[in-house]
Amino acid sequence: MTTVAIPFTRYKELICAWIVLAIIIFLVLLKITAPYGRHSSARWGPAISNKLGWAVMESAAVIMLFVFIIPNWGMLSSTDLVMIALFCLHYFNRTFVFPFRLHTKGKKMPMLVMCSGILFNIINGSSLGYYFVHYAHYGGGWLTSFRFIAGSLLFFVGLYINWKADNLLIHLRKPNETHYIIPRGWLFRYISCPNLFGELIEWFGFAVLCWNLPAWAFFLWTAANLIPRAIAHHKWYKARFNNYPSNRSAIIPFLI
Ligand SMILES: NC(=O)c1ccc[n+]([C@@H]2O[C@H](COP(=O)([O-])OP(=O)(O)OC[C@H]3O[C@@H](n4cnc5c(N)ncnc54)[C@H](OP(=O)(O)O)[C@@H]3O)[C@@H](O)[C@H]2O)c1
């Protein structure tokens, strides 16, 4: 099955509308913190297992990407495939590894959060898949270009920071515990949320290495989600622990 391409100008309009929505959501999230993890609350309606919620909502990104690329596999260049592999590397961890390593015994995630996560991932996975199948024309030298190399470096540095920080945070607790501890050392000396900082760098690197509209839209959406979340985490730490280090920023060292 080969899907019919809509004109690129129409595709661009749709992605630009998606970017405008990211800006609106950013402003909303500065006022209302997404209710999962430490900000979870029973006020947000029916909830499901936290781990299941993560696995289901994150799987949507890769499923939708594959819905577009599998039937059109023959149309993809080796450059497209490298970019798709990097995207899948992140989502393989986020869907199949990260949720099952969490020490969040008995914790719940509101269905509303899971459903918004699914929608976000469906649109991001589809817009990227659609772009690779219909519009991507990377020349033969792309994989050795400055953009690709610099973007890949940023991507892997961000991935490393994100994975290492998530791992340190997860292991602040034993598997059957649910309390919170002040994280210390490494990048936690400068910021409250190195995991969110790493993810931001990672998707910035991805946008640089792909240099296409849906990848930039994805980066902007990531920033729209993660910057307000990090600010909320940071405020939460300061309210919860009166000995919380005062010299830390939320997500960008010395800045935010
Ligand atoms: N691309 C995007 O738009 C996007 C959006 C959101 C999140 N993410 C990614 O998803 C991952 C999780 O995000 P998150 O905001 O849920 O991260 P988080 O609040 O830092 O939590 C990560 C894990 O560590 C535990 N934890 C965190 N701080 C702790 C502390 N001080 N003491 C004990 N345990 C602690 C959390 O437990 P609790 O769950 O019990 O709090 C959770 O299991 C991150 O890697 C983030 O980058 C991506």
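Me: How far does a polar side-chain atom of R229 lie from an oxygen atom of the ligand?

Reply: First the idea: a polar contact is a pair of N or O atoms within 3.5 Å; within protein, one must be able to donate a hydrogen and the other to accept it, and residues adjacent in sequence count only if both atoms are side-chain atoms. Here the polar side-chain atom of R229 is 2.6 Å from a ligand oxygen. The protein also covers 95% of the 880 Å² of accessible area that the ligand has on its own. Such areas come from the Shrake-Rupley method with a 1.4 Å probe; for residues, only the protein chains shown count as cover.

Me: What kind of model and numbering is this?

Reply: The model is predicted: local features need pLDDT of at least 70, side-chain atom pairs count only at pLDDT 80 or more, and totals for chains, interfaces and linings use all residues. Residues are numbered from 1 along each chain as its sequence is written, and side-chain values use heavy atoms, with hydrogens and water left out.

Me: Which residues around the ligand come nearest?

Reply: A residue is near a molecule or strand if one of its heavy atoms lies within 4 Å of it. Of the 29 residues around the ligand, K107, D166, Y180, I181 and R229 come nearest.

Me: How do the residues of that shell divide by type?

Reply: Ala, Val, Leu, Ile, Met, Phe, Trp, Tyr, Cys and Pro count as nonpolar; Asp, Glu, Lys and Arg count as charged; the others, Gly among them, count as polar. The shell has 14 nonpolar, eight polar and seven charged residues.

Me: Which helices and domains supply the shell?

Reply: Helices (H or I, at least four residues) and strands (E, at least two) are DSSP runs, numbered from the N terminus. Helix 3 (78-101), helix 5 (146-170), helix 6 (194-210) and helix 7 (213-240) each give at least two residues. Helix 7 has the largest share, six residues. Domain bounds come from an automatic or database domain assignment. Domain 1 (34-138) and domain 2 (145-256) each contribute at least three residues to the shell.

Me: How many disulfides are there?

Reply: A disulfide is a pair of cysteine sulfur atoms within 2.5 Å. The count is zero. Take C210: its sulfur is 12 Å from the closest cysteine sulfur, in C88, so the gap is too far for a bond.

Me: Is C210 buried or exposed?

Reply: Buried means under 20% relative accessible area, exposed over 50%, partly exposed in between (1.4 Å probe, protein chains only). C210 is buried, at 0%. C115, at 41%, is partly exposed.

Me: Where does N121 lie?

Reply: N121 sits in helix 4 (residues 111-134). N121 is buried, with a relative accessible area of 1%. Its C-alpha is 6.7 Å from that of E58, 63 residues apart along the chain.

Me: What is the phi of W211, and of F254?

Reply: Most residues other than glycine have a negative phi. W211 has a positive phi of about 50°. W211 is in the loop between helix 6 and helix 7, and is partly exposed at 40%. F254 has a positive phi near 65°. F254 lies in the segment after helix 7, and is exposed at 72%.
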